Amino acid sequence: MSRLFHPDAIGPGIPYFCAGIGWTAIGAFLALYARHIGMGNSGWLFAALSATVIVTRSLSGNMADRVGRRAVAVPCSLACALGLAVLAAFPVPFMAFVGVMLFAAGYAGLFPTMLAMVVDKAPPAERGQAMGSFNMFFDVGAPLGGFATGRLIDVSGYGAGFGTMAAVGAVGAL
């Protein structure tokens with residue numbers, strides 16, 4: 001195999017790219033956002049993010065196998081976008097928890113579902129390369145998300161930063 005990038009990763013990789021942008025928007029700016037909305041300590045927000053990912057994956061890990069990949073992927077992408085939109089539109093502590101947990105639940109279901117799509121599509125002898133190609137979408141989206149969110153927050157505030165990343169996340173659902 002001489003290809004640098006596996007084509008079976010493209011379709012599933014686009015939503016993962018969009019989620020990667022959102023993941024870094026939250027990961028890089030949640031602590032500052034928490035202070036901005038008067039929380040002081042962001043530790044509980046990060047704990048809620050992590051716990052939601054773990055619980056969601058534990059309880060719904062086989063959902064894409066049971067109901068179909070797309071039936072899980074679209075709502076998960078929308079949950080990521082909605083979580084970011086909540087952070088943008090409702091800058092108060094309670095809604096920060098709601099936004100973070102919505103995003104985390106979506107992300108928790110999206111990654112394994114998109115990876116399963118890649119494995120489904122790729123020939124057995126090419127699955128390693130296809131999965132590596134798929135992961136590059138996050139590797140590109142994550143730093144772009146951090147950079148873009150930071151610039152938007154600097155220029156227009158947290159609402160614009162998280163709101164724009166919510167719009168990018170919604171594109172992943174298409």
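Which pattern does the protein follow when read along the sequence? The legends below begin with the answer.

**Figure 1. Overall fold of the predicted model.** Read along the sequence, the protein follows the pattern α-α-α-α-α-α-α. The predicted model has seven helices and zero strands. Along the principal axes, the C-alpha atoms fill a box of roughly 50 × 35 × 25 Å. The radius of gyration is 16 Å, which agrees with the value near 16 Å that a compact globule of 174 residues would have. Of the 174 residues, 45% count as buried. Among contacts with a separation of 6 or more, 77% are accounted for by residues 24 or more positions apart in the protein.

**Figure 2. Packing of helix H4 against helix H5.** Two packed helices are described by the angle between their axes and the distance between the axes. Helix H4 spans residues 69-89 and helix H5 spans residues 93-121; their axes are 7 Å apart, at an angle of about 150 degrees. This angle makes H4 roughly antiparallel to H5, since angles over 145 degrees count as roughly antiparallel. The contact of H4 with H5 has, by class, 20 nonpolar, six polar and three charged residues. H4 passes H5 in a left-handed crossing.

**Figure 3. Packing of helix H1 against helix H4.** The axes of H1 and H4 are 10 Å apart and pack at an angle of about 30 degrees. H1 and H4 are therefore roughly parallel to each other, the term used for angles under 35 degrees. Their crossing is left-handed. From H1, the residues Pro-15, Ala-19, Gly-22, Ile-26 and Tyr-33 meet Ser-77, Cys-80, Leu-84 and Leu-87 of H4. Sorted by class, the contact of H1 with H4 has seven nonpolar, two polar and no charged residues.

**Figure 4. Packing of helix H1 against helix H2.** H1 and H2 cross at roughly 150 degrees, and their axes come within 10 Å. H1 is thus roughly antiparallel to H2. On the H1 side, the contact is made by Trp-23, Ile-26, Gly-27, Leu-30, Ala-31 and Ala-34, and on the H2 side by Leu-45, Phe-46, Leu-49 and Val-53. The class count for the contact of H1 with H2 is nine nonpolar, one polar and no charged residues. Ile-26 of H1 takes part in this contact and is also among the H1 residues that meet H4.

Figure 5. Thr-52 counts as buried because its relative accessibility is 11%, and the cut-off for buried is under 20%. With residues up to four places away in sequence left out, Thr-52 touches Met-101, Ala-104 and Ala-105.

Figure 6. Is Ala-9 buried or exposed? With a relative accessible area of 0%, Ala-9 is buried. Not counting residues up to four places away in sequence, Ala-9 touches Val-118, Ala-130, Ser-133, Phe-134 and Phe-137. Ala-9 and Pro-112 are 13 Å apart in space, C-alpha to C-alpha, and 103 residues apart in sequence.

Definitions and conventions. Residues numbered from 1 in each chain as written. Predicted model: local features only at pLDDT ≥ 70, side-chain atom pairs only at ≥ 80, totals over all residues. Heavy atoms only, no water. Axes fitted to C-alpha atoms, helices over the stretch in contact; angles between N-to-C directions. Helix = DSSP H or I, 4+ residues; strand = E, 2+ residues; numbered from the N terminus. Parallel < 35°, antiparallel > 145°, perpendicular 65-115°, else oblique. Left-handed = near helix turned anticlockwise from the far one by under 90°. Nonpolar A, V, L, I, M, F, W, Y, C, P; charged D, E, K, R; others polar. Rg over C-alpha atoms; globule rule 2.2 N^0.38 Å. Buried < 20%, exposed > 50% of the residue type's maximum accessible area, 1.4 Å probe, protein only. Contact = heavy atoms within 4.5 Å.
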